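Subject: Structure handover

Hello,

Here is the structure I said I would pass on. Please open it before reading the notes below.

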Amino acid sequence: MQQVELWTLIPFALMLASIAGAGVPNMILAMSMGGFSGIARMIRNQVLSIREKEYIESERAMGASDIRTMFIHVLPQCSTYLINRFSGGLAGSIMALTTLS
């Protein structure tokens, strides 16, 4: 998680945009690299809170594998937050792209 924190401390998006040059694909890449750290932090916090739920502990006690628990219980719980974050971020990204271009 500390590597993800570097994305917020050092403005990699601005560095990438200045090195790669102008253009819509470079702007999209720079903006996605800049927005990655917030999504990663949100998903990590969500997974850590889901991990402590009773049904996850009972699944573990019954002997289910970690992969099964992840795909059956954790991923569907996180998908609602991801869809909400991506749909909200899409509008902001479109506005930023139209402003910058």
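This is a predicted model: local features need pLDDT of at least 70, side-chain atom pairs count only at pLDDT 80 or more; totals for chains, interfaces and linings use all residues.

The largest pocket has a volume of about 310 Å³. Its lining consists of I28, M31, S32, G35, F36, I39, R85, F86, G89, L90, S93 and L97. Helices α3 (24-51) and α5 each contribute at least two residues to this lining. Sorted by class, the lining holds seven nonpolar, four polar and one charged residues.

G89 is one of the residues that line the largest pocket, and helix α5 (residues 66-100) is where G89 sits. Along the chain G89 and G35 are 54 residues apart, while their C-alpha atoms are separated by 8.7 Å.

The second largest pocket has a volume of about 170 Å³. Which residues line the second largest pocket? They are V47, I50, R51, I56, R60, D66, T69, M70 and V74. Two or more of these residues come from each of α3, α4 (54-61) and α5. Helix α5 gives the most to this lining, with four residues. By class, the lining of the second largest pocket has five nonpolar, one polar and three charged residues.

Regards

Key. Residues are numbered from 1 along each chain as its sequence is written. Side-chain values use heavy atoms; hydrogens and water are left out. On a 1 Å grid over the protein atoms alone, a cavity is a set of points where a 1.4 Å probe fits but cannot get out, and a pocket is an open set with protein on both sides within 12 Å along at least five of seven lines; lining residues have an atom within 4 Å of a point. Grid points are joined across faces, edges and corners, and a volume is the space filled by probe spheres set on the points. Ala, Val, Leu, Ile, Met, Phe, Trp, Tyr, Cys and Pro count as nonpolar, Asp, Glu, Lys and Arg as charged, and the others, Gly among them, as polar.
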